[in-house]
Each structure stands twice: as structure tokens, then as C-alpha cells.
Amino acid sequence: MRSYGQMVNIGRCDWGGALHQNRARLELFGSGSSVVKHWWGVLDWLEDQREVKITRVDLALDFLEGEFGIKDAVQWLKDGLFNNGGRNPRHSTPGDWLSEQPEHGRTLEIGRRENGKMLRVYEKGRQLGRPGSEWVRFEVEIRNNDREIPLDVLTNPGRYFAGAYKALQGLSDHAPARIATQQKEGEITVERMSEVVRTQYGPFLHVLRASMTSDQVMEALSRPGVPRRLERSAVAHVFEPEECV
């Protein structure tokens, strides 16, 4: 897909040939998922194909104002609300846990990828570079290890998100619209990247403006393309890309 004059990866398709019984694999990245308008159409197409199976799906729920967060998830873990088989699953705590005021974001991982299901709760806004952000993402990764992922997970994701763990059953009513999370991510990323440019290159740009107009400075320093961190927002039309084909 082309956005702002630059090709952006939205997924990939592999064909295994005779060695893999002529099977093909379609992987859709987050940037690709963001531009699908009607998942019912995708489901209808898949149901017409031969021997279709989903091997992995990631289901995410965002709380832009911190309605639920890391502390809630920690308490639910202590209360046994992630317990599916008699004991709490393993967990890990990557990120900025030892700081009194964590700036770079904390992550709570519950479960193990090898077992086919895990939950990540992480401070998305801080991860993107806004220290005071309350934005938290709950993300369930489900793989087809010892389980079959039904195709209707594409059209009823909330049902399977809520069913992954008891602790998640009361969260779905608080989900903002998908475009809202992409807009928020784009705004935070632009703000953070602007701060970096201002800090590192602000004086240089000030010197250039002494001998060039602002338009000349922009013409001299800009080039076509989209920064990797903004690809998903650009592809999702948040910044109204010039073409998307």
C-alpha cells in the first residue's frame, strides 16, 4: 500500500509449494487491519476457501483515559481472576517498574506464548513517549496451540477477548472506537517526534531561517515518505494520505 508516496507494509502472503501441500499463509499487520472496513466480507471470503485456519490473532482493548490500568491488572492477578486451571499463570514485568514516577511505561505479561495464550497490559502512551499519559492497552495474543481459533473471532472479537480471562469480562463496554486509538497514537507520536527534532535540530533550523524562507527550509529538508512509527496512523487515513492504493 502506498501512503505519502512511500510503500507501507500492511501484511504478507507466503506460498509453501508442494513441500507444504500447496498451502498459503496470509499475515495481516496492525497497519493492514486498520484499513479493513468490513470484516464480514473477509469472513465470507475465508469461508469459501479450502481448509482455512487461523493460527494467531491479537485482540486489543484501549483505555485512553486510564479507566483500567496496570494496578488493576496486578490486583486481579493477586485475586486469582486470571486463574484458568487451578493456579495463577506465570507472569513477568518488563519495563519501568522501579521508578516512583515511571516515564517510559510498564508492562505486565500474564501467561506464556508457548501455551497459546498470553495477555499484555502496558502503558501505551508512555511507551510512545508521553510520560504523563494514562493510555493503557490490554492485548490478548491467542495461538492455535492445542486449540482451534474460530473464524468468527474476526467479526466478534469482543466475545473472545472477554472469554480469554475472567478478569476481562467487564471491560468491553469501555472500548473506544478503533479510529480513536489510531488518532491518539498518531497525535502522541507526532508530538514526541516534534520535541526530538526541536531539541536536536532547532538551533540549526533557526540559522537556516536567517537566510531562507520557511518554505525553502521545508523544501530543502523534507523528503517523501512516512516515519515507521507513523505508518499505521497514515495508512488508517488519520493524516489524510495523498494516495492509498
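## A buried ring

Phe-138 is buried, at a relative accessible area of 0% (buried means under 20% relative accessible area with a 1.4 Å probe, protein chains only). This is a predicted model, where local features need pLDDT of at least 70, side-chain atom pairs count only at pLDDT 80 or more, and totals for chains, interfaces and linings use all residues. Residues are numbered from 1 along each chain as its sequence is written, and side-chain values use heavy atoms, leaving out hydrogens and water.

## Rings that meet

Trp-76 is buried too. Its ring centre is 6.3 Å from that of Phe-138, with the planes at 40°, so the pair counts as tilted (rings of Phe, Tyr and Trp, using its six-membered ring, pair with centres within 6.5 Å; planes under 30 degrees apart are stacked, over 60 edge-to-face, the rest tilted). Trp-76 is in helix H3 and Phe-138 in strand S9, so this pair ties together parts 62 residues apart in sequence (helices are DSSP runs of H or I with at least four residues, strands runs of E with at least two, numbered from the N terminus).

Ring pairs join Phe-63, Phe-68, Trp-76 and Phe-138 into a cluster.

## The core around it

What about the nonpolar core? The largest one has 29 residues, and Phe-138 and Leu-119 are among those with the most contacts inside it (a nonpolar core is a set of buried Ala, Val, Leu, Ile, Met, Phe, Trp, Tyr and Cys residues joined through side-chain atoms within 4.5 Å). Helix H3 and strand S9 are among the elements that each supply at least two of its residues.

How values were computed: Buried < 20%, exposed > 50% of the residue type's maximum accessible area, 1.4 Å probe, protein only.
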